[in-house]
Amino acid sequence: MGTLIVGKTNLAKLWGHHINDAGMRVDVVKTNDDAAMQLRTCSYRVVVLDLEGDTEDNAFALTDYACVRQPEAQVVFVADKPSLLDGSLFRFCVNMGGLLSKSTPPGDLAALVGHLANTGDGRKQVSGLAI
């Protein structure tokens, strides 16, 4: 299992490096279609999803798809729009594990991903997918 990051920006790559440095496997993809393919073929414990830019249009469909394909996977949304950061998304996404601003330090994002990747018995899954 691992972490999937979905995003076209250099920020997605930076997040991936920090999560990888924390000892977790990371896959970074640029599109929701690529993310859906990854979710069909690989196991992920955490999906990091940039809610702005090219992935925004189908972000919630991808979240629902992740919930069906991999019900144990937690989704971390990253956004900067105030309307998305008010916490209301927690009411709509049952697999939501967190909501962060893009200005969150990459190390803090990696710490959250590490926490969510914890198996419950103190061990971390060492793989992941990032979009």
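**Exercises on salt bridges and burial**

Aspartate 50 counts as buried, because its relative accessibility is 1%, where buried means under 20% relative accessible area, exposed over 50% and partly exposed in between (1.4 Å probe, protein chains only). The model is predicted, so that local features need pLDDT of at least 70 and side-chain atom pairs count only at pLDDT 80 or more, while totals for chains, interfaces and linings use all residues. Residues are numbered from 1 along each chain as its sequence is written, and side-chain values use heavy atoms, with hydrogens and water left out.

**Exercise 1.** Find the salt bridges (a side-chain nitrogen of Lys or Arg within 4 Å of a carboxyl oxygen of Asp or Glu), and state which parts of the chain the pair of aspartate 50 and lysine 102 links.

*Solution.*
- Step 1: the count comes to 2 salt bridges.
- Step 2: aspartate 50 pairs with lysine 102 at 3.3 Å, N to O. This pair links distant parts of the chain, 52 residues apart, as aspartate 50 lies in strand E3 (residues 44–50) and lysine 102 in the loop between strand E5 (96–101) and helix H4 (106–117); helices (H or I, at least four residues) and strands (E, at least two) are DSSP runs numbered from the N terminus.
- Step 3: arginine 25 pairs with aspartate 27, their closest N and O atoms being 2.8 Å apart, and arginine 25 is partly exposed at 29% relative accessibility.

**Exercise 2.** Determine how the buried residues of helix H2 (residues 32–41) are arranged.

*Solution.*
- Step 1: the buried residues are Asn32, Ala35, Ala36, Gln38 and Leu39.
- Step 2: seen down the axis of H2, they fall within an arc of 160 degrees, and therefore line one face of the helix; the arc is that of the directions from the helix axis to the C-beta atoms.
- Step 3: the face turned away from this buried side carries the exposed residues Asp33 and Thr41.
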